[in-house]
Amino acid sequence: MKILGRILGAAAAIALLAGPAAAQKGPARYGEEDKPKTGAEIAAEKDAERAYKRSLGNIPEQQKGSDPWGTMRGDNSAPKADKAAAKPKAKSADTKTGTSAK
């Protein structure tokens with residue numbers, strides 16, 4: 001009786017561990033062909049595509065001058081006049097009067 005209990009216990013443990021392992025089926029592998037779609041599935045996809053394109057028409061056009069973070073970006077969107085003003089100017093020999101010699 002003692003041996004029978006151990007055998008049944010081991011069988012139960014194996015069964016409990018085998019259940020989740022059998023449920024872990026991997027994703028579809030490359031090369032496997034998809035099942036052919038039915039007429040209803042094709043019609044549903046076309047309807048969804050038409051609805052998506054209609055919804056894109058409902059989005060209002062964005063105003064080009066309404067970019068509050070435009071000056072905070074570091075890309076090339078800054079005006080070129082600011083870049084020219086940022087260049088350091090050459091020092092002149094006349095430093096007492098504060099004017100530059102041209």
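What pattern does the protein chain follow when we read along the sequence? Hi everyone, the pattern is α-α-α. Helices here are DSSP runs of H or I with at least four residues, strands are runs of E with at least two, and numbering starts from the N terminus.

A quick word on where this comes from. This is a predicted model, in which local features need pLDDT of at least 70 and side-chain atom pairs count only at pLDDT 80 or more, while totals for chains, interfaces and linings use all residues. Residues are numbered from 1 along each chain as its sequence is written, and side-chain values use heavy atoms, with hydrogens and water left out.

So how confident is the predictor? pLDDT is its confidence in each residue, from 0 to 100. The mean for the protein chain is 76, and 67% of its residues reach 70 or more. Confidence is highest in helix 2 (residues 39-57), at 95, and lowest in helix 3 (residues 80-85), at a mean of 54. Where pLDDT is low, the predicted coordinates should not be read in detail.

Of the 102 residues in the protein chain, 0% count as buried. Buried means under 20% relative accessible area, exposed means over 50%, and partly exposed is in between, with a 1.4 Å probe and protein chains only. The protein chain exposes about 10600 Å², and carbon and sulfur atoms supply 60% of that. These areas come from the Shrake-Rupley method with a 1.4 Å probe, and for residues only the protein chains shown count as cover.

Let's zoom in on helix 1 (residues 2-23), where leucine 8 sits. Leucine 8 counts as exposed because its relative accessibility is 56%. Together with Met1 and Leu4, Leu8 forms a nonpolar surface patch of about 400 Å² accessible area. Patch members have over 30% relative accessible area and no salt bridge; nonpolar side chains (Val, Leu, Ile, Met, Phe, Trp, Tyr) are joined within 5 Å, like charges within 9 Å.

How many salt bridges does the structure hold? There are two, each a side-chain nitrogen of Lys or Arg within 4 Å of a carboxyl oxygen of Asp or Glu. One joins glutamate 45 to lysine 37, at 2.6 Å from N to O. Glutamate 45 is partly exposed at 44%, and lysine 37 is partly exposed at 47%.

Aspartate 47 pairs with arginine 50, with the closest N and O atoms 2.9 Å apart. Both lie in helix 2, three residues apart, about one turn of the helix.

How values were computed: pLDDT is the predictor's confidence in each residue, from 0 to 100.
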